[in-house]
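Please work through the following exercises with the sequence and the structure at hand. Each task is followed by a solution in steps.

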Amino acid sequence: MSVLTRDEAQTRARLIDVQRYRIDLDLTRGADTFDSTTVIGFTTRTAGDTFVEVRPAALRSVTLDGHALDPAALDDNRLPLTGLTPGPHELRVEAAMAYSHTGEGMHRFTDPTDGETYTYTQLFMEDVQRVFAAFDQPDLKAVFDLTVTAPDGWTVLANGVTEHLGDGTWRAAATPLLSTYLVAVAAGPFHSVRTEHRGLPFGIHCRRSLAPYLDADAEEILDITRACYDRYHEKFEEPYPFDSYDQAFVPEFNAGAMENPGLVTFRDEFIHRSAVTDTERQTRAMVIAHEMAHMWFGDLVTLQWWDDIWLNESFAEYMGYQTLTEATRFTGTWVDFGVARKAWGYDADQRPSTHPVAPDADAVPDTASALLNFDGISYAKGASALRQLVAWLGEKDFLAGINTHFKRHKFANATLADFIASLAHHTDRDVHAWADTWLRTTGVDTLTATVTEHPGQTALTLTRDGSRPHRVTVGVYDRDLIDGATLVRRELSSIDIPAIPDIPADGEHRLPGPRPALVVPNDQDLTYAKIRLDPHSEETTLRGLSRVPDPLTRAVLWNCLRDMVRDGELEPLTYLEAARAHLPGESELANVQGVLAFARTQIADHYTTPTERPDALALLTDLCTDLIRRTEDGSNPGLRLTAVRTLIDSAAHADTIRDWYDSGSVPGGPELDPELRWRILGRLCVLGAVDDAVIEAELTQDPSATGRQGAAHCRAALPDPEAKRAAWDAMFTTDELSNYLFTATAQGFWQPEQSDLLRPYVARYFPDAVAVAHRRGPAIGDAAGRHAFPAHAIDAHTLALGESCIEDDDPIPALRRRLADQLDDLARALKIRTATATK
């Protein structure tokens, strides 16, 4: 497929202006294709040639101003429009379009629970061409009129309020000016819960088979939606700009959610079939808040080109966390951001594939390169940068700048320069310099604390490895005089670190009294930087982290230890021992979940050697057993559930979890719901304790979509040569797996316990991944690189194979980026293992 370049987009935007799309979709034409008719009204400023994008199964007819064009002129995904004269034009395109099973374009899904079928669009970046013909670039906004013909009994949702006209025909209200990638349709026999808030129709929708689970959480979801809506109207002077607000939870969705105006689509795992922790409910709430922020950041004001994707994602990320904290019961969201989300940004920013939050336009020359930047930098690092900007600028001036930005560019497009100009209008601070140092640079600064004792006082100095200015809070802690163990904050100081290298942060900071037990740079996590503690504080942290009073401070310290492991400065088993010592006393579930996730997936599976791994798993099992014992009174079900899950994943022997599976319950609770049953069965498969007959019996009991995914995962995890061959063929040969079934199979396939059995597949992976990505496109290419990579094979041979693949085999950009990141992570793990072995 030809990708759109920035230069081509600029040329087309100079030539044409698009006024209106009239789109008619017929979803009654069968299981493979649907009919798409598009009429585009546009104006040409001068005489010239251009093209429209469309990717049909069959292009039936094209007319321009009533004159037929030859459908055979379609070149890949581009239909040339030549000899255009100045003035208005009308283009009509009739085509059959293919349904997708990879979450791109018009995705079609049949629910195995009840046989009902659902379709929805995901048109992001360049997939609108799979649904209707379009001048597909974000700065050619237009009004969209949409009509959909759907089977009887279906509901059709769209960006605007929809009306059923009879005979299966639905018409959506005309939209305001939108970018093509934001058009949305969802159709099927949805279960819906509808209400109204401040005169605006609200709705939440899901598959019928999930109706009981949506109903159970409907008030919580709607309460979050209403609270965020009200809080955004307190922050933003521009009112919500669309005629309704629907949230559709749809199957096999690739992203967490998509900010389509008036019709946000979410992955329907957010409709919980099984027990979840309160932190997971908070995550769902944050995604709701994030997507609603996009109604202003991204939908009302849209980027001009994809180099400014941070103007969408970083703002929605920051606003989502901040607004959730201000407006809902989830007041500790920044802890979860710090211990989990921020680590995503730190990791991405230390790989060779790092990029600035706001890269130069030349660094994003086309849509394929733009797609690679939807990562921890554009989300977590960008949100961290904005949090630092608010700390430096002040929230009043920050919000004033945002509102000016909305006013100047509503229903239009804007750039980084436009945004900085809006901020500068409300402050004397040099926001242009701030943007240069924070948004145009790469990498993670490191802040190191040095504490020097003097008679009657101590002196604190912060030094920085890096170049960004930082406004940080530094926490100073003493041991409690009564119990000698609890840490009490003596002082919380704001310190500015200037942009000029080698200048100390405000010089020495004098502290009266004895040397503190602990000094924490970036105590409230207001900036984006790794921290290093002075030796005394490091020792205090390892011995007394659970005694630190503030959960956000504890998140900062856990991240410090995490970074030290990744940088080879702290032995992985020392981190595990700290987790064993301090998680039983941790009151903030987000910290427990973040630490256990890193310990289980990174330390146990990657950073410890094969000879050390059994000890790591045993330590995690002992820790989780302790947490389970401590929660027998039912006082902390979220902590208990987290411990049960991690114990299952860490089990080196089948006896205990097989007893749970057979009895249907963990002693003392919880009862095994579908998620826990599939989790246990997956681990039993890895350990060779069950066979395919048990998997088939479980699938009979749970024939849902998630049951099918669980079965695919389990079958791929069996330590059986035939099971491995079948899973490999399903992923890389037949091309029949949907995006979710591909991912489930890939996640089951590679297991450290089965390295001997899997060894022949390591070399096969690279050419087969390249081939399947070329055949099936970016979504499967990304999944092949993210989930099907042999991450357990941590050796120089795998590195050499991967590097040769990137250099010689021409992987598509989505796969190339994933491979580069995986190989860098593998090299880091190999370095950590080597360093540990030499100590």
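**Exercise 1.** State how many aromatic pairs there are, and classify the pair Phe-732 and Tyr-765.

*Solution.* Step 1. Rings of Phe, Tyr and Trp (its six-membered ring) pair if their centres lie within 6.5 Å; planes under 30 degrees apart are stacked, over 60 edge-to-face, and the rest tilted. By this rule the count comes to 52 aromatic pairs.

Step 2. The ring centres of Phe-732 and Tyr-765 are 6.4 Å apart and the planes stand at 80 degrees, so this pair is edge-to-face.

Step 3. Phe-732 belongs to helix α21 (residues 721-732) and Tyr-765 to helix α23 (residues 755-776), so the pair ties together parts that are 33 residues apart in sequence. Helices here are DSSP runs of H or I with at least four residues, and strands are runs of E with at least two, numbered from the N terminus.

Step 4. Both Phe-732 and Tyr-765 are buried, that is, under 20% relative accessible area with a 1.4 Å probe and protein chains only (exposed is over 50%, partly exposed in between).

The model is predicted: local features need pLDDT of at least 70, side-chain atom pairs count only at pLDDT 80 or more, and totals for chains, interfaces and linings use all residues. Residues are numbered from 1 along each chain as its sequence is written, and side-chain values use heavy atoms, without hydrogens and water.

**Exercise 2.** Determine which residue's ring face Arg-108 lies over.

*Solution.* Step 1. A charge sits over a ring if NZ of Lys or CZ of Arg is within 6 Å of the ring centre and within 35 degrees of the ring normal.

Step 2. Arg-108 lies over the face of Tyr-99, at 5.0 Å from the ring centre.
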